[in-house]
Amino acid sequence: MQDEILLTPWRDFPVEDTDPFAPPDEEKWDFVLVSNIHKVGSEKEIKRKKFLDELSKKGFAIKKIEDKKLFYGVRAPKQIFRKYQWLLRNPDSRLQNCDVHHDIPVTTRIRIVNFILQNTITPDLEKLDELIKKKVFEATFPLHEKEEVREFLKEKWFHWRDIFCEQRIEKIRCYFGEKVALYFAWLGWYTYLLGIAAVAGLVVFMAGITVFNSSQVSKEICEASNIIMCPLCDQKCPFWLLSDTCTYARVTHMIDNEGTVLFAMFMAIWATVFLELWKRKRANVVTDWDLYRWDEEEEELAMELINNLQHEPRRYQHSYFRSTIMLLLVLVMIAVLIGIAHALIIYRVIATALFTQSNFEFLREQANTMAVMTGAVLHYITIVIMTKVNRHMALYLCDLEKPRTFSQRENNFTVKIFTFQFFTNFSSLIYIAFFLGRINGHPGNYVRIAGKWRLEECHPSGCITDLFIQMAIIMLLKQTISNVMEYLIPWIAHKLRKKQQRPKKRSMILGEEEEEAEDPCKRQWLSNYQLKEVNIFSLFDEFLEMVIQYSFTTIFVAAFPLAPLLAFFNNLFEIRLDAIKMMRLHQRMVPRKANDIGIWLQVLEAVGILAVIGNGLVIAITSDFIPVQVYKYTYSPCMMENSTSVDCSTGYINHSLSVFRIQDLEPYTKLSETLPGFLSNEIKECRYRDYRNADDYSYTVQFWHIFAARLAFLILFEVSTQGGRRRLGQLGGWQQGETGWVHATPTGHINWPGELLTTCGGSFCFLQHVALCVKLIAAWYIPDVPQSVKNQFLDRKHSNLRKDLSVMEYSTEV
């Protein structure tokens, strides 16, 4: 069953708009609406008819095809697109190469039709999204069609053989619009420069492997067969020899060496180079598209007037009460995420205690490592679960905030979801990097959870290996399981749907077909409907995934030099997987116009600042680089004997271990069997990693020397690294202003990333960064431009566009 409603077009403009690459007898439809077959006279059937009637009044042609569901193809009259070109002074006059036969690009056409569909109001004051929620319509989507550009992309873009080939950004723009094209341009540029970071990280890692057996520190640990270490738990945990952890010490030095410091500084500079070069590339691309000074607000106002000449723009509003509620709810959500991180910490503590008491020798010997690995897997599971929770919470907060436009809603959502995801992904890593082994107390006076379980300790060779293991497991799981499931699920669903399709067979009887030939539109609409549905945040999900990966690649890269390499190989596959999903497995995205990657650029700037702070803290606090240097130049044999024949780090391990008297153990501590070769009465003291006096367990002078050196290094690291960032920023357009470093953009001024660059000049950075966070929250809380001023410009644009539209109406009638 099928019928077609061809409405009389406005004035003398023809309705028909055919696809030059399609067969002559095939019709072209802008959008397809899908609905279940409702009972005649039912409420849903009446609501559907009212919506379609409203489209008919606007001049839309509508074609209905009935199968197991109802399909409505809609085609907008050309007059709508002529109004668009008139109001925006023909922004698409420079015809794209792929659409030379069209008066207006297909991507622009789909975008305008989608806007009208989403903003058409029925007599019951309902819009399309409300009708979808009420199950009046089931889906709406533009069509994948046999266009020349699509065939080109299928041949030259999404095949695995093109994995190292340059992307066809202009063709992607022709088919998916500027927003998607800029995403792939950014992702390609990021992957290209990531190759340089990957090579540098691999060189640092290989250099660490070459010194696997040559480190004086690890040699001392391997030869320390007479150093007895204190038990790792309270209940029947044995004493252990430092030499038992020889392999762990060698692995630690493979990661933690002088090359790590240089690589961390390199990655901080790399992050700035990447962003500054991207800004230049983006400027060239959007200039070629004639979109450098494109005004998104003006375009939205124009489409609103095209849809409804009587439309009044929504005014800018700001509520301090609503902002306060938003801030409190965000802080509560962050507290919940930090609480989950604490739960992971408790798991590691309990798991370590249980593994050390296990009947399996391997678990007892590797209790700490097994706790770290299982904790990392559990952390990944929490990331998967909380990602869904964070999305719902961010959307809920955005709805409470009542943003004025879709773009504002998207920006607000981006900031919230990234903040939530950052704490979800990095809270546990922050604990391992900066708190593990530093807040656990010391033998005889341990810090305990619920007064029972001791907090974990660092290995005598440092805690950086724990951070390395945690990052390696999370990145590998995220880049394998997540990507495989992201691609595999729609691929399997697509194959199953294709298998369920049973095309009708035709037979010739007496020269006539048994069945009437099937409408080609029906085949096309059904095949598009059976693809995975996309939504307004489909591209957002891809951006979020890549920005989180960028955060892993830069913030703690000092502890995991292989992160850029893993990210590089992941992105080579990510580009092709995204291409295959968009071209073959997903419905066609509604094209969106854009001249940059939006607020994501500011997020990347913030991540770059966090990379400087994070890597500086990892080297200063997590790594043993500073304690070793302090020992070399203050306490080593080189300083005492002035001898060049002795390695200056000789004796470091013995110097970094404090002595504890067994008689001072807490009363409820139950010791296990003594070590082989030692009698119980022979063990009078044990060693632990700290700088404390043997008599009263107070901190030694060496502890304060190291503490001062850590602070000094952190300040020097940030000043030197950010100095390079500042000079690069000046080359990229940053200038010194009265309130900090300011970067001018077509849409305004962004100065908060620049302000971050000017901190840590001469005092402890932590306090300044906390104060700066408070300052940024205050800047967000109090808008710098009054709402009345914004509304004045809004009214001016709206008035000018309405006058232009009136002029067009008058000239057409004449």
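**Disulfides in a predicted model**

Student: How many disulfides does the count come to?
Tutor: This is a predicted model. A disulfide is a covalent bond between the sulfur atoms of two cysteines. Here a pair counts if its sulfur atoms lie within 2.5 Å. By this rule the count comes to three disulfides.

Student: Which cysteine does a disulfide join to Cys 222?
Tutor: Look for a sulfur within 2.5 Å of the sulfur of Cys 222. A disulfide has an S to S distance of 1.9 Å here. The partner is Cys 246.

Student: Where is Cys 246, and how many residues apart is the pair?
Tutor: The pair links distant parts of the chain. Cys 222 sits in helix H8 (residues 216-223).

Student: Is the disulfide of Cys 222 and Cys 246 right-handed or left-handed?
Tutor: Check the torsion about the S-S bond. For this pair it is about 80°, so the disulfide is right-handed.

Student: Which parts does the pair of Cys 230 and Cys 686 tie together?
Tutor: A disulfide joins Cys 230 to Cys 686, with S to S 1.9 Å. Cys 230 lies in the loop between strand E6 (228-229) and strand E7 (235-237). Cys 686 lies in strand E17 (residues 685-689), so the pair ties together parts that are 456 residues apart in sequence.

Student: What is the handedness of the link of Cys 638 and Cys 648?
Tutor: Cys 638 and Cys 648 form a disulfide, with their sulfur atoms 2.1 Å apart. The angle about the S-S bond is -100°. That link is left-handed.

Student: Is Cys 648 buried or partly exposed?
Tutor: Buried means under 20% relative accessible area, and exposed means over 50%. Cys 638 has 12%, so Cys 638 is buried. Cys 648 has a relative accessible area of 27%, so Cys 648 is partly exposed.

Student: Is Cys 521 buried or exposed?
Tutor: Use the cut-off of under 20% for buried. Cys 398, at 0%, is buried. Cys 521 has 2% relative accessibility, so Cys 521 counts as buried.

Student: What separates the C-alpha atoms of Ala 283 and Asn 595?
Tutor: Ala 283 is found in helix H10 (residues 258-288). Ala 283 has 18% relative accessibility, so Ala 283 counts as buried. Asn 595 is 312 residues apart from Ala 283 along the chain. Their C-alpha atoms are separated by 8.4 Å.

How values were computed. Residues are numbered from 1 along each chain as its sequence is written. This is a predicted model: local features need pLDDT of at least 70, side-chain atom pairs count only at pLDDT 80 or more; totals for chains, interfaces and linings use all residues. Side-chain values use heavy atoms; hydrogens and water are left out. Helices (H or I, at least four residues) and strands (E, at least two) are DSSP runs, numbered from the N terminus. Buried means under 20% relative accessible area, exposed over 50%, partly exposed in between (1.4 Å probe, protein chains only).
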